[in-house]
Amino acid sequence: MKTYLFKGILQNNGWLPNMGITVNTVGTVTDIFSFDPNIQTQQVLGGYALPAFQNAHSHAFQYAMAGLAERHENKAAQDDFWGWREAMYQLALSLDPDQMEAVATMLYTEMARHGYTNVAEFHYVHHDKNGKPYANLAEMGSRLISAAKTVGLGITLVPIFYQKGGFGLEPNERQRRFISPTIEDYLKLLEASKAACKHYSHANIAMGIHSMRGVEPLDIVEIAKSGPQDFPFHIHVSEQKKEVADAMEYLGKRPVQWLLDNVGLNDRFHLVHATHLSDDEIARLAKSKTHVVLCPSTEGNLGDGLFPLRKYEEHGGKWSIGTDSHVGLSPVEELRILDYGQRLTSHNRNSYSYHTHGDSGMHALEMATLSGRKAMGNTTSDFFKIGQPLNACVIDASAPLIASSSMENLASTIVYAGDPSLNLNTISHGQLITRAGVHQQQVSITQTFLSAMETLKNR
Ligand code: ZN
């Protein structure tokens, strides 16, 4: 049993001041109660508790190249997503399992510092450097789970079905570590990944395909319809205009339109990016209750384009955030880039005007939390609830703008004027995994990461 006392906790309908939360030995909430700060003698955990952030899209290995690929020496050359992808392939081909684990452990420690307690790992580097499956098909996935376990982060492993090198194209040599040639091969990988999740109580499984261009259309239909129906299903889609044009040529339909027509999209599907949508796709997607996962810092870094958030919100569409390539790791930065992209192009500040309570910060936190949880297979909608694990990002109540704000302005102050220095603690499954931004094993995790980076030699 452990009790945390907060200056306030954020519930779905707003802040509750002076609240305590008790957890049992496995971190499940057993009591939520109010206390009188004048007579309470126990130490208050100095802050306001937000439901912890949910990172709905990650490729852990790409953290090793975050901030690289920015030296554009040939001014005349086009440098876009496809050029960046070559640099990413280079890295994917060079990592061994130990390096993968060291990079992921450092990354997840950084995620915890930024207030995330859960990550959906969209994982496709499955095989050894020659493209041969490891003796344990889920060797690399197991390393990601180990990394999350070391840090204390919850992980949803999403082993990815990756089969093709593009619409109608065989995979190329540089994709050899990603490939499952058939549905049967993928299902074996999924099974091995599910077994790997059993080694950590905060790990669970989801499934997914890399993209429309990465899997044969008939196999997409088959895996979506005959695979397990109770796992969240993740897909990269319509991130690039070229991808939409290629789909039009190969399938006669836009990618999302094709998915809507051929796969029963619903609440269990999480479409990553979905940047380039027609008005019809926006309306139908929202109506289907499919979620989109937006990765604003990566999408901005790669020059993908702007997701039509205002229109999608008008139709009641649901979205979460992910840090994808990890060029940015701050959840509030993701939320701001997302909203400011809409403001800059619509010349209007109320991107979420169709939401009833009209508080942008509160709306963004709620959407990213609840849709993000769904991406992890967690359907709990209460921010903090008895019987659920205590996952919280604790905001420093003594920071000047926080200390001087009324409760009704707190959420938007955190989202629009906050930065990672506001994060006092991160609590995952009832455990304080970072205190003042520092993880218990910070020194050894950093040392192992630096040694791995020395052997990788890519920075
Ligand atoms: Zn991605």
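First, a term for later: a cavity is a set of grid points where a 1.4 Å probe fits but cannot get out, and its lining residues have an atom within 4 Å of a point. Keep in mind that this is a predicted model.

Start with the zinc ion. Select His57, His59, His236 and Asp324: they coordinate the zinc ion at 2.1 to 2.7 Å, the histidines through NE2 and the aspartate through OD. The angles between the four donor atoms run from 81 to 175°, which makes the arrangement irregular. Now pick out His236 and Asp324. His236 sits in strand β10, while Asp324 is in the loop between β13 and α11, 88 residues apart. Both His236 and Asp324 are buried.

Phe81, Trp84, His210, His236 and Glu239 lie nearest its centre, out of 20 lining residues. The space inside the largest cavity is about 180 Å³. Select α1 (81-94) next: this helix gives the most to that lining, with five residues.

Then move to the second largest cavity, at about 130 Å³. Its lining includes Ala52, Gln54, Asn118, Arg373 and Asp382. By class, that lining has three nonpolar, six polar and three charged residues.

Last, show the strands. Eight of them form an open, mixed sheet in the order β3-β2-β1-β4-β14-β15-β16-β17. β3 and β17 stand at the edges with a single partner strand each, so one side of each is left without a neighbour in the sheet. Zoom in on β1 and β4, which run parallel and are joined by two bridges; Ile9 has Ala49 in β4 as its bridge partner.

Definitions and conventions: Residues numbered from 1 in each chain as written. Predicted model: local features only at pLDDT ≥ 70, side-chain atom pairs only at ≥ 80, totals over all residues. Heavy atoms only, no water. Donors = N, O, S within 2.8 Å, 3.2 Å for Na, K, Ca; no water. Tetrahedral: all angles 85-135°; square planar, octahedral: opposite > 155°, others 65-115°. Helix = DSSP H or I, 4+ residues; strand = E, 2+ residues; numbered from the N terminus. Buried < 20%, exposed > 50% of the residue type's maximum accessible area, 1.4 Å probe, protein only. Pairing = 2+ DSSP bridges. 1 Å grid on protein atoms, 1.4 Å probe; cavity = no way out; pocket = protein on both sides within 12 Å on 5 of 7 lines; lining within 4 Å. Points joined across faces, edges and corners; volume = space filled by probe spheres on them. Nonpolar A, V, L, I, M, F, W, Y, C, P; charged D, E, K, R; others polar.
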